[in-house]
Amino acid sequence: QVQLVESGGGLVQAGGSLRLSCVASGRTLGSYAMGWFRQAPGKEREFVAGISRGGSSIYYADSVKGRFTISRDNAKNTVALQMNSLKPEDTAVYYCAADGGDFYIWSRTYRDLRTYDSWGQGTQVTVSS
């Protein structure tokens, strides 16, 4: 399995920006489709964004579309989530996740937590109003 470590979280005012990074070790990141998820207090973990192994397929939750951008640099074993125009409702712990399975399946199940077999420990994002 690949090991994932997130960073870049913090406290920001509404309207501000943050850039989250997820660094992989143990395996080549290019072998994995990647996803970002978040979990707010008292709520279930939810899909935020996903990117295929080569970066050609990208998906976003409707709640972040137009504000967040997912990207990857396989040479650096890194996936990033650029978050702009942040809102208080974006406050959550953000997790990156990796799926080493078939692209065809991932492209239809990327929103499902069960699709992913490796997870990072999460990074806290707090947006104040």
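User: Why is phenylalanine 47 called buried?

Analyst: In this predicted model, phenylalanine 47 has a relative accessible area of 7%. Buried means under 20%, so phenylalanine 47 is classed as buried.

User: What makes the pair of phenylalanine 37 and phenylalanine 47 edge-to-face?

Analyst: The ring centres of phenylalanine 37 and phenylalanine 47 are 5.7 Å apart, and rings pair if their centres lie within 6.5 Å. Their planes stand at 75°, and planes over 60 degrees apart count as edge-to-face. The pair is therefore edge-to-face. Phenylalanine 37 lies in strand β4 and phenylalanine 47 in strand β5, 10 residues apart. The structure holds 10 aromatic pairs.

User: How do you know whether phenylalanine 37 is buried or exposed?

Analyst: The relative accessible area of phenylalanine 37 is 0%. With the limit for buried set at under 20%, phenylalanine 37 is therefore buried.

User: What makes phenylalanine 37 and tyrosine 116 an aromatic pair, and of which kind?

Analyst: The distance from centre to centre is 5.1 Å, against a limit of 6.5 Å for pairing. The angle between the planes is 75°, and the edge-to-face class begins over 60 degrees. The pair of phenylalanine 37 and tyrosine 116 is thus edge-to-face. Phenylalanine 37 belongs to strand β4, whereas tyrosine 116 sits in the loop between α1 (103–109) and β10 (118–119), so the pair ties together parts that are 79 residues apart in sequence. Tyrosine 116 has a relative accessible area of 5%; buried means under 20%, so tyrosine 116 is buried.

User: Which residues form the aromatic cluster?

Analyst: One aromatic cluster is formed by Phe37, Phe47, Tyr59, Tyr95, Phe103, Trp106, Tyr110, Tyr116 and Trp119.

User: How do you know that arginine 45 lies over the face of tyrosine 95?

Analyst: Arginine 45 is found at 3.6 Å from the ring centre of tyrosine 95, and the distance limit is within 6 Å. Arginine 45 also lies over the face of tryptophan 119, at 5.0 Å from the ring centre.

User: Why is the link of cysteine 22 and cysteine 96 called a disulfide?

Analyst: The sulfur atoms of cysteine 22 and cysteine 96 are 2.0 Å apart. A disulfide requires sulfur atoms within 2.5 Å, so the pair qualifies. A search of the whole structure finds 1 disulfide. The link of cysteine 22 and cysteine 96 is right-handed, with 55° about the S-S bond. Cysteine 22 is part of strand β3 and cysteine 96 of strand β9, so the pair ties together parts that are 74 residues apart in sequence. Both cysteine 22 and cysteine 96 are buried.

User: What makes β9 mostly covered, and with which strand does β9 pair over 7 bridges?

Analyst: Of the 8 residues in β9, 8 are buried.

User: Which members of the largest nonpolar core touch the most other members?

Analyst: Among its 37 residues, these are Met34, Trp36, Leu81, Met83 and Tyr94. At least two residues of this core come from each of β3, β4 (33–39), β5 (46–51), β7, β8 (78–83), β9 (92–99) and β11 (123–128). β9 gives the largest share, 5 residues.

User: Which strands stand at the edges of the open sheet of 4 strands, and why?

Analyst: The order of this sheet is β1-β3-β8-β7, with antiparallel pairing. β1 (3–7) and β7 (68–73) each have a single partner strand, so one side of each is left without a neighbour in the sheet. From one strand to the next, the twist averages 15°. β1 is joined to strand β3 (residues 18–25) by 5 bridges, and the two run antiparallel. Glutamine 3 stands opposite serine 25 in β3.

Conventions: Residues numbered from 1 in each chain as written. Predicted model: local features only at pLDDT ≥ 70, side-chain atom pairs only at ≥ 80, totals over all residues. Heavy atoms only, no water. Pairing = 2+ DSSP bridges. Axes fitted to C-alpha atoms, helices over the stretch in contact; angles between N-to-C directions. Core = buried A, V, L, I, M, F, W, Y, C linked by side-chain atoms within 4.5 Å. Buried < 20%, exposed > 50% of the residue type's maximum accessible area, 1.4 Å probe, protein only. Phe/Tyr/Trp six-rings, centres within 6.5 Å; stacked < 30°, edge-to-face > 60°. Lys NZ or Arg CZ within 6 Å of the ring centre and 35° of its normal.
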